[in-house]
Amino acid sequence: MLLYQVAEFALLEESFEANTRDYTKLIHFYGKQKQLEDAERSFSCMKERGLLYDQITLTAMIHMYSKAGHHKKAEQIFEELLLLGQPLDQRSYGSMVMSYIRAGMLQEAESLLKQMDDQEVTAGREVYKALLRTFSMTGDVEGAQRVFDAMQIAGIVPDARVCALLLNAYEMAGESQLVRVAFENMRGAGVKLNDKCVALVLAAYEKEEKLDKALEFLVGLEKDGVLAGKEASAVLAGWFGRLGVVKEVEVVLSDLHPNKLI
């Protein structure tokens, strides 16, 4: 911290021949520390010195405002970035997409992702995941599926965590059949699904009171050598406890495997 305070003092000295990258590093540092006023002061000083800011400088500002929840300011800086007339890179686009996501402007986020695709710039996995997570948490199945499909078109291979976000969207929407279909499709595609994914299928069946389907699902997994882990077992325990049939189901499940599933 002291090093950057000294650096800022030096940059303010007329005798010090600072360049654009010196100020950018300082802005980036203050942004990481959430010291917005200090970053803004450095940016203003840079402009007063007549230094031309570039894509890297403005992207650092957008990223800072995005993380701080100041979407309007991020949008203003993004407009300045577009006025430079230079092709934008993955980080510049990604920072603005994240700002839209954090502001709850999902349509705008998707639109910018489409613009990136048109410019043959691929967004990072974390950007797609952030948008997918937002759709997932609200049970927006169509939005979640669009983003999931877009990831694959962009060449990003879904892993278990990404798949769990799609399954969660279906589960929240009360679509147990679609949760199961998506689960089986993912397994068929070679994705090594985790216990969270199993738990989401069980939670979807619980929501629709389909105990027979849940047990059928578990039997199928057991035949493939897959046992319910802690999270899936917790869903089962809560469900069976509510039904008052814990002991009976324990007997059934213990017959499936000597170590039991719950």
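## A buried threonine

At 4% relative accessibility, Thr-59 counts as buried (buried means under 20% relative accessible area, exposed over 50%, and partly exposed in between, with a 1.4 Å probe and protein chains only). You'll find Thr-59 in helix α4, residues 55-68. Helices here are DSSP runs of H or I with at least four residues, strands are runs of E with at least two, and both are numbered from the N terminus. If you skip its neighbours within four places in sequence, Thr-59 is in contact with Leu-81, Arg-91, Ser-92 and Ser-95, where contact means heavy atoms within 4.5 Å.

A word on the source: this is a predicted model, with local features needing pLDDT of at least 70 and side-chain atom pairs counting only at pLDDT 80 or more, while totals for chains, interfaces and linings use all residues. Residues are numbered from 1 along each chain as its sequence is written, and side-chain values use heavy atoms, leaving out hydrogens and water.

## The chain as a whole

So what is the chain built from? It has 15 helices and 0 strands. Of its 262 residues, 43% count as buried. Looking at contacts with a separation of 6 or more, 62% come from residues 24 or more positions apart.

Residues 19-53 are 74% helix and 0% strand, with the end C-alpha atoms 10 Å apart. For residues 54-88 the figures are 77% helix and 0% strand, and the end C-alpha atoms are 11 Å apart.

## Glu-110 and its contacts

Glu-110 lies in helix α7, residues 106-118. Not counting residues up to four places away in sequence, Glu-110 touches Leu-131, Phe-135, Arg-146 and Val-147. Take Arg-146: Glu-110 and Arg-146 are 36 residues apart in sequence, and their C-alpha atoms are 9.3 Å apart in space.

## How α9 meets α10

Helix α9 (residues 141-153) and helix α10 (residues 160-172) pack at an angle of about 160°, with axes 9 Å apart. Axes are lines fitted to C-alpha atoms, for helices over the stretch in contact, and angles run from 0 to 180 degrees between N-to-C directions. That makes α9 roughly antiparallel to α10 (under 35 degrees is roughly parallel, over 145 roughly antiparallel, 65 to 115 roughly perpendicular, and the rest oblique).

On the α9 side, the contact is made by Val-141, Ala-144, Gln-145, Phe-148 and Met-151; α10 brings Val-162, Cys-163, Leu-166, Ala-169 and Tyr-170.
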